[in-house]
Amino acid sequence: MDAFEVLAEETRADVLRALAAHQRDHPGDPALSFSDLRERAGVADSGNFNYHLGKFDGRFVQQAGDGYALTPRGVRLAALAVAGFEDPAVGDPAPVGSDCPACGEPLSVSYDEGMVAVACGSDHVFPRSFMQPPGADRDPDDLARVASLLGRQTAERVAAGVCPVCDGCVDVAPSTLDTELVPLTYTGTCTDCGTPVGVPPEFVAPTVPAVVAFWYERGVDAPQ
Ligand SMILES: [Zn+2]
Ligand SMILES: [Zn+2]
């Protein structure tokens, strides 16, 4: 059973939510008994509930001692289900107290349709990153700090050939962009989930032999 089939049935989604809530409140004892879990999932008939537990087939929910707990894969799926996909009301772009390195205008941070972005009034947009709605529930400076962190993490993963969405494989190749801020970038597509990715050259250059050789010939260490 894949993740879509699990979440297609409300009872099974409720089981994940109940186990995630219990794990949050009791991190040292994340398992729930059959009857407690059935009650919290709102199912009266134990035979019917047993049927749904069996559908997990140990992949998202597993037996733990006398009860049931999330597997690592189940934790990830439950986090998605709990986070939801509703955008929080974050309002207009908020100033973050620093200036655009390209034009000197004040920078602001915004969150829209699951993406967090830092930009100036002249549309110099720095890398946008996907962020779950709970991550956007921060003050503007903190949101900008997390946006920067996510951008660096994404760039490092892509430069290392790891898809930032599914952990699959990506190959990137240089391509030019028609913007003054980022004239050159490396872009590619995940061979597993198909997500298009882009990464600034400073993250990729140290892994490209020709670039490292260019610096070496001039007696300069490639940036790490
Ligand atoms: Zn700017
Ligand atoms: Zn992927």
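Which residues does Thr11 touch, not counting residues up to four places away in sequence? The legends below take up this question and then move to other parts of the structure, which is a predicted model.

**Figure 1. Close-up of Thr11 and the residues it touches.** Thr11 lies in helix α2, which covers residues 10-25. Leaving aside residues up to four places away in sequence, Thr11 touches Val43, Phe49 and His52. Thr11 has a relative accessible area of 13% and is buried, because buried means under 20%. Phe49, one of the residues touched by Thr11, is buried too, with a relative accessible area of 0%.

**Figure 2. The aromatic cluster of Phe34, Phe49 and Tyr68.** A search of the whole structure finds two aromatic pairs. Phe34 counts as partly exposed at 25% relative accessibility. Phe34 also pairs with Tyr68: the ring centres are 6.4 Å apart and the planes stand at 55°, so this pair is tilted. Here the linked parts of the chain are distant, with Phe34 in helix α3 and Tyr68 in strand β3 (residues 67-70), 34 residues apart. Tyr68 is buried, and its relative accessible area is 14%. Together, Phe34, Phe49 and Tyr68 make one aromatic cluster.

Figure 3. At 4% relative accessibility, Gly67 counts as buried. Gly67 and Ser33 are 34 residues apart in sequence, but their C-alpha atoms are 4.0 Å apart in space. Apart from residues up to four places away in sequence, Gly67 touches Leu32, Ser33 and Gln62.

**Figure 4. Asp57, a residue other than glycine with a positive phi.** Most residues other than glycine have a negative phi, and most peptide bonds are trans. Asp57 has a phi near 55°. This residue lies in the loop between α4 (46-56) and β2 (61-64). Is Asp57 buried or exposed? Its relative accessibility is 59%, so Asp57 counts as exposed, the cut-off for exposed being over 50%.

**Figure 5. Strands β5, β6 and β7, with the β5-β6 hairpin.** Strand β5 (residues 106-112) pairs with β6 in the antiparallel sense, over six bridges. Within β6, Cys120 stands opposite Leu107. The hairpin of β5 and β6 has two residues between the strands. Glu113 is found in the loop between β5 and β6, and has a positive phi of about 50° although it is not a glycine. With a relative accessible area of 66%, Glu113 is exposed. Strand β6 (residues 115-120), in contrast, is mostly covered, as five of its six residues are buried. Strand β7 (residues 129-130) is joined to β6 by two bridges, and these strands run antiparallel. Val116 stands opposite Ser129 in β7. In a regular strand the side chains alternate between the two faces of the sheet.

**Figure 6. The site of the zinc ion (ligand 2).** Which protein donors hold positions around the zinc ion (ligand 2)? They are Cys163 (SG), Cys166 (SG), Cys190 (SG) and Cys193 (SG), lying 2.3 Å from the ion. Along the chain these donors follow the spacing C-x2-C-x23-C-x2-C. Cys166 lies in the loop between α6 (140-159) and β8 (170-176), and Cys190 in strand β9 (residues 184-190), so the pair ties together parts that are 24 residues apart in sequence. Cys166 counts as partly exposed at 33% relative accessibility, whereas Cys190 is buried, with a relative accessible area of 3%. Why is the arrangement around the zinc ion (ligand 2) tetrahedral? The four donor atoms subtend angles of 103 to 113°, and four donors count as tetrahedral if all angles lie between 85 and 135 degrees. The ideal angle for four tetrahedral donors at a metal is 109.5 degrees.

Key: Residues numbered from 1 in each chain as written. Chains lettered and ligands numbered in written order. Predicted model: local features only at pLDDT ≥ 70, side-chain atom pairs only at ≥ 80, totals over all residues. Heavy atoms only, no water. Donors = N, O, S within 2.8 Å, 3.2 Å for Na, K, Ca; no water. Tetrahedral: all angles 85-135°; square planar, octahedral: opposite > 155°, others 65-115°. Helix = DSSP H or I, 4+ residues; strand = E, 2+ residues; numbered from the N terminus. Buried < 20%, exposed > 50% of the residue type's maximum accessible area, 1.4 Å probe, protein only. Pairing = 2+ DSSP bridges. Phe/Tyr/Trp six-rings, centres within 6.5 Å; stacked < 30°, edge-to-face > 60°. Contact = heavy atoms within 4.5 Å.
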